[in-house]
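Visitor: I would like to learn how to read the packing of helices, sheets and chains in a model like this one. Could you take me through it feature by feature?

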Amino acid sequence: MSTIHSHVLVCAGAGCVASGAHDVSDALQEALRKHNLNTEVDLIHTGCLGPCAIGPVAVVYPDGIFYQGIKPEDAEEIVSEHLLKGRPVERLNFKMPATAQIIPALQEIGFFQQQQKIVLRNCGVIDPTVIDEYIARDGYQALAKALTEMTPEQVTDCVKNSGLRGRGGAGFLTGLKWEFTRKAQGDKKYVLCNADEGDPGAFMDRSVLEGDPHSVIEAMIIAGYAIGADQGYVYVRAEYPLAVERLENALQQAREMGLLGTNIMGTDFSFDLEIRMGSGAFVCGEETALMRSIEGKRGEPRPRPPFPANAGLWEKPTLLNNVETYANIPVIITNGAEWFAAIGSEKSKGTKVFALAGAVNNTGLVEVPIGMPLGEIVYDIGGGIPGGKAFKAAQIGGPSGGCIPRQYLNVSVDYESLQELGAIMGSGGLIVMDEDTCMVDMSRFFLDFVQDESCGKCVPCRVGTKRMLEIVDRICKGQGEEGDVEKLLSLGQQIKDTALCGLGQTAPNPVLSAIRHFRDEFDIHIREKRCPAGVCPDLVRAPCMSACPANVYVPGFVSLIGEKRYAEALRVHRDSNPFASVCARVCFHTCEDKCRRATLDDSVSIRGIKRFMVDQEVTIQLPEMRENEANAKRKIAVIGAGPAGLTCAYFLARLGYQPKVFEASPRPGGMLVQTIPAYRMPREELAREIRMIERMGVEIETEKALGKDFTLQQLRDEGYEAVFLGVGAPLGAKLPIANEDADGVHDAIEFLREYNLRGNATVGKKVVVIGGGNSAIDAARTAVRLGAESVTVLYRRTRDEMPAYKEEIEEAENEGVILKTLVAPQEIVVENGKAVGVRCDHMWLGDFDKSGRRRPQAREDGDSFVESADQIIAAIGQSLDTNKVLDNVPAKLNLSGYVAADPLYGQTSVDWLFAGGDASDGPSSVAEAIGAGERAAVGIDKHLTGEEHAFWREEYDVDTEFDPDADPVEAPRAKMKMLPAERRAHNFNEVELAFTESVAVREARRCLRCDYCAEPAEETASR
Amino acid sequence: MVDKEQGSCCCTEEASEEQLLARLDEVIADYKDKPGALIPVLQLAQAIFGYLPENVLRKISLGLDKSYSEVAGVVGFYSFFSTQPRGKHIIRVCLGTACYVRGGKQVLDAIKDRLGVDVGETTPDRTFSLDVARCFGACGLAPAIMIDDDVHQRVKAARLQQILDQYIDQDQATAASA
Amino acid sequence: MTKISSPKDLAALREQAREAIALRSGPREIVVTVHMGTCGIAAGARDVLATLAETLEQEGVKNVTLRQSGCAGLCEREPMITLADKAGKEYRYGKLNKERIQTLVQEHVVKGNPVMDYLVSN
C-alpha cells in the first residue's frame, strides 16, 4: 500500500516553466527528501493551472491550498510548515477565483455540478446494452405502477399536472396532447416517437437513444396505455446508426422479458414498437411529414388541422412526442407530478438538455433546470469562450430559432423569455459564437440550409427563402444596397404568415433575429463594404487587414521584411498609417488576434516585426504626395495634435492641402505624449514621426486651446472651410464616493500629464490606484518609477474583466505592482484633511450586465477593510466637456455623449465640422484614432471638392516571392524580449527589446499570405 | 480493435446479380404485408445493391403493388436514395452549424480536391462517393465527417489522407483474405 | 432471459440486478466505465476499451470491472472513462490515449494515486 497522503501539483505549463517552475520543483523535491517526506508526498507536474501571470504556481492537496509566485527558496518553508506541520504558508497563499481551481472529484467539477439530470439520468451511467442495468436503476417501475395502480386517465392527468412541455420545439403541453389523443374517437391509435433530430447543433436525442434506450421504450408503452394504442413507431434519422443498433437491441430484450408485446407484465395490455429509419430529409422532423414518411410516402407536410391527435398516421389518432419528452415520462410517473412541477420556472417545468457547441470550452450535453440564466450555462457550465475571446451571441433553436446577444446573458432560458427575444427553445441546440463570427454570414448559412432542405411543396418557403438567400449573398459579396435589409424583413414576414408547415413558417427566424440584434453589422456590410468579423471572403483581403482599424496592408509590409526590403516595407505601412514607429510600440495589434497562422501554431508577431522595421529607418522618407495648387489655398483647421488630428493632417497634406493644427498643450502628440509613459513610447520616436508630418507642409501651433484661446465660430470667421475636431477625451472622471476631493486624491490623467509634460509629479510612498483600465496600469507603473514604496491597484471585478491590456498588467506585476481584485472603494478615509486610505467592500460577481460581463456585487458576509495609502489615484474613466468645445455649434452628440460622426467620413451633423478619435468614440485605441483621422481626411476632401481622391486606398500587391503550394514551415512565434524587471522598474527606459534581423526575417516568413489569392482565383475560374 | 468481423463474412466473392435479386425477393416477401413497407424495403434494397437501379425499383413496385411513379417519387424525395451506382464507401461531410463554424467547408473543399470529385459524385474507381450532410449530432467534435457508419471527429485537411487510407487498406485486406 | 409476468417479478429482478451490480462494484472493487456514444467512439473509445483490457491483463490486475455506457455529455474531452474507486469515489478522465491509459492503470488502479493531469476539470 502506498502511504502517500499529500499531492503537490506544480504547474508545468509553459508560462510557469518560463518563470522558473522547474527550479521550484527541484527545490521542493530536495526539501521533501530532506524532511523524509518523499515517500508520503507526491510531487506532480500538471498542465497549465491557468493563472500563468502569477507563476510559478502550485496546489497542495488534499487541502487545495494554492501558492503563487513561488521561488526556489520558498520550497523549504512550504515543506516544513505546510506539509510537515499542516500550516499553509500565508505569505504565498492565494485564494483563487472559483473558475481556476482544479478539483479532483467528479462530483465537484463545475461542468457536472450545476446540472440536474433527469432526462440524462442514466446516460453515461448504465450499460445501454444490458436491460438489467436499467432495471436496477428502477427501470420499468413506472410502467408497472401505471399498468397496475393507475387508470389511463390518471396517467394522463399525472403527465398533464407535471407541466411537462414538448421538448422538440414549440413547447406544447405534453399532457394536453395525451388527453386529446386519449379522447379522440378511433379503433386504432398510434404512439410515435420523433427521433429525426435534424436541427443542426442538437444531439441530445441521439445521446438518449444511445445511452438509455429503455427510458424511451418504457415511456412509449406508458403512453400507449394512456391513450389506448397498441402499436408505436420510433422514427430515427439514418445518420444515427449506433442509436438504431442500441434501440433495436433494447427492443429485443424488452420483448424477451415480456415488457413489450402481448400481455405486458402479465396484464391484459399489449403494445409493440417498430423502428423506422429516415432517409435524409430534414422536413421529416415536422410531424405531419414524419407521419407520411412512416406511411411510405414522400415526406411532405400537410396543413393542420386536422391535428394528429384526431387524424394522424394512416388518418388514425396519433400521439407524437420527441425522444427527450419521452425520457421524462418514467420519472414523472414514479416520482409524481408535484415533484416534477417543483423543478424549473413558473411556466416551464422540469429540465432541458442543451447541446453546447461552437466557441465554448466545454462542448457537450448539459441538462439544467429550465429558467437558468443563459450566462450561467455558457460560463459556469460551458467554461466560457476559448482563447479569451469575447462572447458575441448564442444561437438557440437551430434553423427555426434565433440568436441572443450578450446584453441578454441574464435571460432566463425558458420558452417564453426566449421567444420574446426572437429565439426559440427548439430542440436545444445552443451554439456559442464569439467575435469571429459574422452575423450576416450566419444568416446566409441558415438560409442556405432551409433553402436546401425545403421540401418545395409551398411557394413561400421554396421561393421566399431563395429570394432572401440571394439578397444576403449579395450583401456578403459587398454588393448590398440600401433597402436590402427592409426587403429581408418584409419577405421574412410574408413567409412567416403564409408558409404551410412549422418549419417553413420559422425558416426566416434566424435572419430576422440577426437583423434585430445585429442590424449595424448588416449596415456595415452594405454601406462600408466591410466585414468586421473578418469572415466574408469578398470583403476581407486578409483577416489581419480587416482587423486593423487603420487598414494597414499587413501581409505587404511583413513579406517585404521577409526579403529585407525595409524601406519599401515602411512605405507600404505609411501608405495607410503614418505612425509606424508609434504603433510598433503602443498598438495592441488586433491584427494578431485574427491572424490565421494561429490555427496552425501561433499568430505572427506582427508588432514585433514592425518594431524591427522602424528601427532600420535612418532618415525618414516622405510618402507620395500629390501637389495641388487649388487645394493648397483652402483653409482647413485640425484641432488637437493627437494621433487622430495628426493623421488627418498627414492625409490632407498628401492630397495637396496645407492644414493648420492647433494644440492646447505645449507639445504635440496628444495622449501619446501626455499619458503614455516614456518606457512604452520613447519621446524621440514620436517626435520623428511628427517632424515628418510637419515637413509635409503641416503647421502645428501649440498652447492654443479650443474653448479658451479660440472658438469654432472664430475659425469659421477667419475663413476656415472645414474643421477636424480631434481633441480627445482629456478629462479624468471623479470618484463617485465620499471625500473624493480630499488632499492626496488625484485623477490618473492629471497625474500622468503632470509627469509627462512637466517632467515631475508628486508621488506618495504608499500609492493606491483605483481602476482596471490602461490609464490605471500606466499610472501604477509610473508611480513605481517615481519611487513609490508600494503601489496597489484596486479593481472591482476580476482580472479577466480588466479592460487594460493583458501584457501591460503582467508587466506591471513583474515590476512589483500589487493587484487586488473584487474590491470596490466605498469612501476615502481622511485624517486631518488628508487622505490616509480607501475603505473597500469585498465583491463577488453576480449576474450579467449589458456588456456581457458579470456585475460586481457587495458580498453580504464580507467586512469592509481599509487599504491604507498616502496617495490615491483614480483611473475610472475619461470624458470630454462638449459644451465647452462646441460652444453653440449645433453638432449632435452620440449615445455615449461624444460628438457624433459619420462612420465613413467622420462628418458631424454640421457639414463643415468633422470629428474622430476619442472625441467621437470615447476612450479607444491609437490605431482607431489613426483610422478615424484618415477617414475624416477623405471626408473633408470630398466635402470641399465633391469627390474622393484617396489614391492610397487603391489596392495593390507587393511583388514579394510566395509559393502558395508549399506547406508552411513549422516555426514557433518569436517573442520580444524585455529588460529584466530590476533593470527597468526605476527608470523610464524603453522596456521592450527589438528582434534581431535574423529573428525578424524568420518571423516575417511565418506569414501565410492570406492576401495572396487574386491570381490563383482567376486560374481556377478559367480552368 | 475489438470487433473485427470481416473474416466471418459469408460471401467469399461478389454475389451474382441473381443472388442479389433473390435476396431482394426475400425482403419483399418479409415486408409485403406490413403497413408503410416501401421505405424500409428501399433502404434494404439499397444496402443489397449499393444503389437503386431501375430494374430493382420495378421489382419493388410490382412486389409491393405500388405504381412505378409512386416508387420513383419516393426515391427522388429522400437524399439517401441513389439511382446511380455509388462508391464502396460513402463520405458525408457535415455542414451543420457547429461544423460550419469550425471549418466544415474547408474540410469539404479539401476532400473534393483530394478525390477529384464534386458533391454527389463517385470516384472513377468506385471507392468513394461524396455527399454533404446536415449534422449527425457530433457537434462537440466539429468538424466531423462520416464514412459509412463511422463518425470521424475534428477532421483536419492534413489528416484526411490518413483517414481515407484506413478504408482503402481495409478493402485490400478483405480482398486479400478472400 | 427470465420472463416478467408481474410487477413482483420486476421488483425481484431489480433486487437481483442490484445485487449483481453491487457484487461487481462492491467495496473491494474498482469499476471503470468507458463512455461509448457516437462521439466517444468517433474519438477512439473502442481503442480505449481494448487498451484498457490489454493493460489490465499485462499488469495482472484482477479486481477491475470494465463496462461501457452511453455518452457522459462532455464531448470536448472524449474519449472519457469514469473510474469508481474502492470507496465509491468517482473520477472522470478525459482525452485518453494509449499512453495515458497505461499511466492511469499503473498509477490510479495499481497504486491508488489519481492522475490529476488527466482528470476532467473546468
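Visitor: At what angle do helix H6 (residues 141–149) of chain A and H10(A) pack?

Guide: Two packed helices are described by the angle between their axes and the distance between the axes. Here H6(A) and H10(A) pack at an angle of about 10 degrees, with their axes 9 Å apart, and that makes H6(A) roughly parallel to H10(A). Axes are lines fitted to C-alpha atoms, for helices over the stretch in contact, with angles running from 0 to 180 degrees between N-to-C directions; angles under 35 degrees count as roughly parallel, over 145 as roughly antiparallel, 65 to 115 as roughly perpendicular and the rest as oblique. Helices (H or I, at least four residues) and strands (E, at least two) are DSSP runs, numbered from the N terminus. This is a predicted model, in which local features need pLDDT of at least 70 and side-chain atom pairs count only at pLDDT 80 or more, while totals for chains, interfaces and linings use all residues. Residues are numbered from 1 along each chain as its sequence is written, and chains are lettered from A and ligands numbered from 1 in the order in which they are written.

Visitor: Which residues in H6(A) meet which residues in H10(A)?

Guide: Ala142(A), Leu143(A), Ala146(A) and Leu147(A) in H6(A) meet Glu218(A), Ile221(A), Ile222(A) and Tyr225(A) in H10(A), where contact requires C-beta atoms, placed from the backbone, to lie within 7 Å. The residues of this contact divide into 7 nonpolar, no polar and 1 charged; Ala, Val, Leu, Ile, Met, Phe, Trp, Tyr, Cys and Pro count as nonpolar, Asp, Glu, Lys and Arg as charged, and the others, Gly among them, as polar.

Visitor: How do helix H8 (residues 174–183) of chain A and helix H10 (residues 213–227) of chain A cross?

Guide: The axes of H8(A) and H10(A) come within 8 Å and cross at roughly 50 degrees, which makes H8(A) oblique to H10(A). On the H8(A) side, Trp178(A), Thr181(A) and Arg182(A) meet Ala223(A), Ala226(A) and Ile227(A) in H10(A), and the residues of this contact divide into 4 nonpolar, 1 polar and 1 charged.

Visitor: In what order do the 4 strands of the open sheet of chain C lie?

Guide: A sheet is read from its pairs, and two strands pair if DSSP finds at least two bridges between them. In chain C the order is S2-S1-S3-S4, with mixed pairing. Strand S2 (64–69) and strand S4 (90–93) stand at the edges, each with a single partner strand, so one side of each is left without a neighbour in the sheet. Within this sheet, neighbouring strands are turned by 20 degrees against each other on average, direction ignored. Strand S1 (residues 30–35) and strand S3 (residues 81–84) of chain C run antiparallel and are joined by 4 bridges; the partner of Thr33(C) in S3(C) is Thr82(C).

Visitor: How many residues of chain C and of chain B are in contact with chain A?

Guide: For chain C, 42 residues are in contact with 51 residues of chain A. H1(C) gives the most to that side of chain C, with 8 residues, and the residues of the side divide into 17 nonpolar, 15 polar and 10 charged. For chain B, 29 residues are in contact with 36 residues of chain A. Helix H2 (38–49), helix H4 (68–77) and helix H5 (97–101) of chain B each supply at least two residues of the side that touches chain A, which divides into 19 nonpolar, 8 polar and 2 charged residues.

Conventions. Contact = placed C-beta atoms within 7 Å.
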